Amino acid sequence: LGWRPTVGFPELVERMVPFGQNPLKSKKGQYFMADNTLSFWFPHVHGKRNPPTEGEACAFLGRRFEFFCRRFFEGHLEGRGERIIHLGKWWGAIEKEKGKFEQRDIDLVVETDKAFYFGECRWSNKKMGKPALALLSETASAAFPGVKKPVKFALFSKSGFSLPEEKGLLLFDA
């Protein structure tokens, strides 16, 4: 499904490639520790004299929140009877203006037999609102032009939302 382990030790290290790329051929792979304890221990505890700061802990939780949301959403869609064809994350450059590019990412990209879902995950004390949805929509349109299936958006937030749920938009809080 794209974000699942493809090489190495699947219980320790996983490799992820941008959504839509072949995991066996892509050179844009990113490796990460699959285990939460080890993922936290080595950069924040092992060999350190001081405990991790609140900012370091929040940054770690934000990165792991994306993985949790991806797995949660996979179960949510299967519970609704949608068959997942491809699931992952996308990152790369989009053209903002002619000749001007900007690096962006989409935390969650899912193609099912019925629709395409694009999702944003935020571990923040601020509520998510229209700016986050507008940025996600702009990035999805630029990265995936000409999608033939219905497009839906999913927002995941630690602190809730300042916009109402509407058709084509799913909201999930912690």
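Me: Buried means under 20% relative accessible area, exposed over 50% and partly exposed in between, with a 1.4 Å probe and protein chains only. Why does S26 count as buried?

Reply: S26 has 10% relative accessibility, which is under the 20% limit, so S26 counts as buried. Before we go on, this is a predicted model, in which local features need pLDDT of at least 70 and side-chain atom pairs count only at pLDDT 80 or more, while totals for chains, interfaces and linings use all residues. Residues are numbered from 1 along each chain as its sequence is written, and side-chain values use heavy atoms, with hydrogens and water left out.

Me: Where does S26 lie, and what makes its approach to the side chain of Q21 a polar contact?

Reply: You will find S26 in the loop between β1 (13-16) and β2. A polar contact is a pair of N or O atoms within 3.5 Å; within protein, one must be able to donate a hydrogen and the other to accept it, and residues adjacent in sequence count only if both atoms are side-chain atoms. The side chains of S26 and Q21 come to 2.4 Å, so that pair is inside the limit and makes a polar contact. The side chain of S26 also reaches the backbone nitrogen of K28, at 3.1 Å. Counting contact as heavy atoms within 4.5 Å and skipping neighbours within four places in sequence, S26 is in contact with R15, V17, P18 and Q21.

Me: How do you know that C69 is buried?

Reply: C69 has a relative accessible area of 1%, under the cut-off, so C69 is buried. This residue is found in helix α2. Beyond its neighbours within four places in sequence, C69 is in contact with C121 and F156. C69 and F172 are 103 residues apart in sequence, yet 9.0 Å apart in space from C-alpha to C-alpha.

Me: What makes A174 exposed?

Reply: The relative accessible area of A174 is 73%, over the limit for exposed, so A174 gets that label. A174 is in the segment after β7 (169-173). Not counting residues up to four places away in sequence, A174 touches S157 and K158. S159 is 15 residues from A174 in sequence, and their C-alpha atoms are 7.1 Å apart.

Me: Which elements supply at least two residues each of the lining of the largest pocket?

Reply: They are β2 (30-33) and α2 (54-79), with five residues, the largest share, coming from α2. A pocket here is an open set of points on a 1 Å grid over the protein atoms alone, where a 1.4 Å probe fits, with protein on both sides within 12 Å along at least five of seven lines; lining residues have an atom within 4 Å of a point. The largest pocket has a volume of about 250 Å³, and its lining includes M16, F32, R64 and K89.

Me: Why is the protein called as compact as a globular protein of its length?

Reply: First, the protein has three helices and seven strands, where helices are DSSP runs of H or I with at least four residues and strands are E runs of at least two. The radius of gyration, taken over C-alpha atoms, is 17 Å, close to the 16 Å from the globule rule (2.2 Å times the number of residues to the power 0.38) for 174 residues, so the protein is as compact as a globular protein of that length. Buried residues make up 39% of the 174 residues.

Note on methods
Points joined across faces, edges and corners; volume = space filled by probe spheres on them.
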